Each structure stands twice: as C-alpha cells, then as structure tokens.
Amino acid sequence: MPGQPTEAELAADPLRHRFILVFDREGYSPDLFQRLKDQRIAILSYHKHPGPDWAVDEFQPTVVTLQNGDRDTLALAERGTRLNNGLWVRELRRRDPSGHQTSILSTAYRCALDRTAAAMFARWYQENYFKYMRQHYGLDRLIEHGISPLPETTRLVNPAWRALDSAVRRTAAELSRARARFAGHVLEPAASTPAAAAQHEARKGAQLEQIQAQEARLTDLKTQRQSQPRHVELKDLPPEQRVAQLRAGRKQFLDTIKLIAYRAESALVAILREKMSRHDDARSLVRALFATPINLRPDATGTELRIELHGQANPAHDALIEHLCTELNSTESCYPGTTLRLYFTTLRSSTFPRGQDV
C-alpha cells in the first residue's frame with residue numbers, strides 16, 4: 001500500500017505502524033487490538049468501558065484541523081491505559097462544553113494528539129458519505145444477477161459452530177431470566193400460612209429444578225461448541241453448506257463511476273458555496289440542477305457546444321447557476337473526443353436582460 005513504511009523502517013522503530021484502522025466501539029476487543037498490533041497495524045476506536053471522568057485540569061485546548069479543512073479548538077487530554085489483556089494503549093479524551101468526556105483508544109503511538117483526534121472524528125464524515133451515496137447514487141443497489149464461486153481456501157465461520165453459539169446465547173438468556181424469577185419469588189409474611197408456605201416451597205423447588213436443567217444444558221452446549229472449530233475452509237464444508245458470492249466485476253466498475261460522479265458533484269458544490277450563505281443547501285441545488293432539462297446547440301462553425309439550462313423555480317437559484325456557468329466556462333473544456341468547447345449558460349441569462357424577471 002502506498003505511503004506505508006518499509007520493513008527496515010518498521011524494524012528500526014518498534015512503535016511505528018503500517019497503517020491505522022478506525023472503527024466504532026462495536027469492534028472493541030483487546031485481543032483484536034493485540035493481534036493487529038503484532039502485525040504492526042494501529043487501531044483507533046472508542047473506549048467501551050471508559051471508567052470515571054478525568055480531572056478538568058488535565059484537558060488542554062488543542063487546535064485540530066478537521067477532515068473538511070476547518071480548524072477547531074478542542075479540549076483534549078491523554079493518558080496511558082492498560083487493558084485487561086495487559087496491552088498498553090493510548091487513551092485520549094475530549095471534553096465538550098457540557099462537560100461530557102469522549103474516550104478514544106489508539107495504538108498509533110507515533111501519531112500526534114491533534115491528528116489522532118481528527119482521524120477519529122472524521123469517521124462521521126465517512127458514515128455520512130456512505131449514507132449519501134446509498135440514498136442518491138444507489139451504491140448498494142444490485143447491478144446484475146448471478147453468482148461466482150469463492151476460492152476453496154476461503155475461511156468462513158463454521159455453520160455448526162454458529163448454530164451451537166446461537167444455542168448457547170439463547171440458553172444463557174433463558175437461564176438468566178429463570179434465575180431472576182427464582183430470586184423474585186418471595187413468600188409475603190402476611191400470607192405465610194402452612195398451605196401457602198407449602199405451595200411456595202413447591203414452586204421454588206420446580207423453579208430450582210428448571211434452573212439446574214438449564215445449567216446442565218448450557219454446560220453441554222458449551223462443551224459441544226468448544227469441540228467445533230470456529231472457522232473452516234470452504235473446501236471442508238459439505239456441498240449443501242457451501243456458499244458463493246455475487247458477481248462483482250460490473251458493480252465495481254459502476255461504483256467507480258459513481259465515486260467519480262460524486263467528486264464532480266462535490267466540486268460543483270464548492271463553487272456554489274462561494275455565493276451561498278446556507279452551505280447545506282448546495283448539494284440539493286446541484287441535484288436539482290442535474291435533473292434540469294437542457295438544450296444542446298452545436299455551433300455551426302464547429303468550435304462550440306452550447307449547453308442551455310432551463311430556469312429554476314427560484315430566481316435566486318438561477319443567479320447561483322449563472323455563477324456556476326461562469327466558473328465552468330473559464331476552464332475552456334472541450335467535449336471528449338471533439339474540439340467543441342463547452343459553453344454553459346441559462347436560458348434566463350441568454351434570453352432576458354440581466355435583472356429582468358420572466
């Protein structure tokens with residue numbers, strides 16, 4: 001991967017990493033952190049068990065350059081933290097104006113404090129990006145039907161282990177509820193007659209037998225699960241349990257086009273924001289622009305391809321689009337494969353005097 005340190009650089013500095021994986025607290029696992037560290041892969045994640053708040057005087061104002069280029073001052077603090085498996089990690093905390101502290105763990109020991117914080121908070125940009133791409137670009141849409149085989153050496157979760165693991169989790173939950181019912185079944189002193197006491201003892205005895213049976217079943221299931229490998233190779237599964245994957249070639253090609261289209265959209269958004277007070281409206285305006293009818297008028301002399309955009313419902317949007325057209329025309333781009341220079345204009349600006357409404 002480009003930008004990674006060489007083997008010699010890694011050998012010279014035992015605290016240096018190849019790259020950083022950033023993920024949510026759902027991926028919290030000290031054993032996983034250790035395995036990745038052994039492979040010289042750093043992690044950056046939220047602390048699932050942060051413990052008590054740190055003292056306020058530990059936090060210092062730190063200027064952080066965010067993913068979008070904005071600079072913000074955050075109250076940050078850092079300590080070394082030892083996890084339950086003995087792994088020492090960096091623990092970074094941010095204290096917001098309300099006093100809430102956000103705890104972050106990292107094994108990127110050579111990364112500066114401000115860059116580490118910026119990388120963690122940039123995860124929200126990535127999540128928002130994928131949400132936007134799914135909503136407006138159909139990033140997860142099925143492109144073609146069909147499957148392709150997986151390599152026989154592909155490692156998968158053992159179906160037998162998965163079924164036993166589900167049974168263990170289900171039985172453990174039932175056992176927990178049964179224990180709670182057993183503890184909550186108490187004979188009230190006001191109703192402590194001999195008959196009521198006998199009935200109470202009978203119920204408690206039946207519940208105890210049920211708990212003991214569930215405990216034995218849970219122990220047996222755990223033993224069976226332990227006897228099964230958690231992962232197996234595809235070739236070791238019987239034919240009816242083997243899986244395949246959806247065809248990905250065409251989807252990868254179209255997804256690449258979608259990513260390029262998104263970058264083009266972002267460039268147009270940046271131009272529009274130069275004239276907009278409400279930056280959040282820029283993307284919706286660009287999406288509306290993409291759906292706007294146009295007239296294509298090739299110049300008879302063969303030097304220009306005129307693209308005339310029909311007017312928007314809001315005259316203020318027309319003025320913004322005229323600004324966008326001016327910026328695009330300044331690039332003097334040609335239509336691919338021809339010598340026709342692209343010239344963008346709105347019908348309002350090309351048909352009516354400036355300032356005159358329709």
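This is a predicted model: local features need pLDDT of at least 70, side-chain atom pairs count only at pLDDT 80 or more; totals for chains, interfaces and linings use all residues.
**Nonpolar cores**

The largest nonpolar core has 18 residues, and those touching the most other members are L272, M276, L309 and L324. At least two residues of this core come from each of four elements: the helices α7 (249–273), α8 (282–290) and α9 (315–330), and the strand β12 (304–309). For L324, the contacts beyond four places in sequence are L268, I271, L272 and L289.

**Pockets**

| Pocket | Volume | Lining by class |
|---|---|---|
| Largest pocket | about 560 Å³ | 6 nonpolar, 5 polar and 4 charged residues |
| Second largest pocket | about 280 Å³ | 6 nonpolar, 2 polar and 4 charged residues |

Around the largest pocket there are 15 lining residues, and Y125, Y262, V269, R273 and R283 lie nearest its centre. The most come from α4, which supplies 6 residues.

The lining of the second largest pocket consists of R16, H17, I20, V22, T65, R110, C111, A112, D114, R115, A118 and A119. Here the elements that give two or more residues are β1 (19–23) and α3 (113–121). The largest share belongs to α3, with 4 residues.

**E308 in strand β12**

Strand β12 contains E308. This residue counts as buried because its relative accessibility is 8%, and the limit for buried is under 20%. A polar contact of 2.8 Å joins the side chain of E308 to the side chain of R297. R297 is also one of the contacts of E308 that remain when neighbours within four places in sequence are left aside; the others are P293, I294, N295, T345 and L347.

**H100 between β5 and β6**

H100 sits in the loop that links β5 (88–95) and β6 (101–106). With a relative accessibility of 48%, H100 counts as partly exposed, since exposed requires over 50%. Apart from its neighbours within four places in sequence, H100 is in contact with R94 and R95. Between the C-alpha atoms of H100 and H136 there is a separation of 35 Å, and the two residues are 36 positions apart along the chain.

**Two residues with positive phi**

Most residues other than glycine have a negative phi. R40 is not a glycine, yet its phi is positive, at about 65°. R40 is placed in the loop between α2 (30–38) and β2 (41–46).

E332 is likewise not a glycine and has a positive phi, of about 50°. The loop that holds E332 runs between α9 and β13 (341–346). E332 is exposed, as its relative accessible area is 56%.

Conventions
Residues are numbered from 1 along each chain as its sequence is written. Side-chain values use heavy atoms; hydrogens and water are left out. A nonpolar core is a set of buried Ala, Val, Leu, Ile, Met, Phe, Trp, Tyr and Cys residues joined through side-chain atoms within 4.5 Å. Buried means under 20% relative accessible area, exposed over 50%, partly exposed in between (1.4 Å probe, protein chains only). Contact means heavy atoms within 4.5 Å. On a 1 Å grid over the protein atoms alone, a cavity is a set of points where a 1.4 Å probe fits but cannot get out, and a pocket is an open set with protein on both sides within 12 Å along at least five of seven lines; lining residues have an atom within 4 Å of a point. Grid points are joined across faces, edges and corners, and a volume is the space filled by probe spheres set on the points. Ala, Val, Leu, Ile, Met, Phe, Trp, Tyr, Cys and Pro count as nonpolar, Asp, Glu, Lys and Arg as charged, and the others, Gly among them, as polar. A polar contact is a pair of N or O atoms within 3.5 Å; within protein, one must be able to donate a hydrogen and the other to accept it, and residues adjacent in sequence count only if both atoms are side-chain atoms.
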